[in-house]
Amino acid sequence: MLNKIIMSIYIQKSKDKYTAIVTPPHSKYSNWETEEPMACDELIEKLLKLGCHQTDIGDAFYEADPNWLDNN
């Protein structure tokens, strides 16, 4: 049996903005992370451009902040 390492999108809330770390297979590319906190909409746009799926993005935001949809 092969052991696979599943990597993901990790988002952390920082006041009214967010930071993120993305690793394959969620990103088309290699590891990526924010250089500084970003607004929610800005981060979503960047994650989509990296090839992340909307469901995975939503799940990661929810894990970071269960009220993220109400706050943005």
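**Figure 1. The chain contains 2 salt bridges**. A salt bridge is taken here as a side-chain nitrogen of Lys or Arg within 4 Å of a carboxyl oxygen of Asp or Glu. The model is predicted: local features require a pLDDT of at least 70 and side-chain atom pairs count only at pLDDT 80 or more, whereas totals for chains, interfaces and linings use all residues. Residues are numbered from 1 along each chain as its sequence is written, and side-chain values use heavy atoms, with hydrogens and water left out.

**Figure 2. K13 and D65 form a salt bridge**. Their side chains meet at 3.2 Å, N to O. K13 belongs to strand 1 (residues 9-14) and D65 to the loop between helix 2 and helix 3 (68-71), so the pair ties together parts that are 52 residues apart in sequence. Helices (H or I, at least four residues) and strands (E, at least two) are DSSP runs, numbered from the N terminus. D65 is buried, at 7% relative accessible area, while K13 is partly exposed, at 34%. Buried means under 20% relative accessible area, exposed over 50%, and partly exposed in between (1.4 Å probe, protein chains only).

**Figure 3. E45 and K49 form a salt bridge** **within helix 1**. The N to O distance between the two side chains is 3.3 Å. E45 is partly exposed, with a relative accessibility of 47%; K49, at 55%, is exposed.

**Figure 4. Helix 1 packs with helix 2**. Two packed helices are described by the angle between their axes and the distance between the axes. For helix 1 (residues 40-49) and helix 2 (residues 54-64), the angle is about 140° and the axes are 10 Å apart. Axes are lines fitted to C-alpha atoms over the stretch in contact, and angles run from 0 to 180 degrees between N-to-C directions. The two helices are therefore oblique to each other; angles under 35 degrees count as roughly parallel, over 145 as roughly antiparallel, 65 to 115 as roughly perpendicular and the rest as oblique. Helix 1 passes helix 2 in a right-handed crossing, a term for the near helix being turned clockwise from the far one by less than a right angle. Helix 1 contributes C40, L43, I44, L47 and L48 to the contact (heavy atoms within 4.5 Å), and helix 2 contributes Q54, I57 and F61. Of these residues, 7 are nonpolar, 1 is polar and none is charged. Ala, Val, Leu, Ile, Met, Phe, Trp, Tyr, Cys and Pro count as nonpolar, Asp, Glu, Lys and Arg as charged, and the others, Gly among them, as polar.

**Figure 5. K46 of helix 1** **contacts W32 and M38**. These contacts leave aside the neighbours of K46 within four places in sequence. K46 is partly exposed, at 32% relative accessibility. Its C-alpha atom is separated by 9.5 Å from that of T34, a residue 12 places away along the chain.

**Figure 6. K15 has a positive phi**. The angle is near 60° in this residue, which is not a glycine. K15 lies in the loop between strand 1 and strand 2 (17-22) and is exposed, with a relative accessible area of 76%.

**Figure 7. The chain has 3 helices and 3 strands**. Along the sequence they follow the pattern β-β-β-α-α-α. Buried residues account for 31% of the 72 residues. Of the contacts between residues at least 6 apart in sequence, 31% join residues at least 24 apart.
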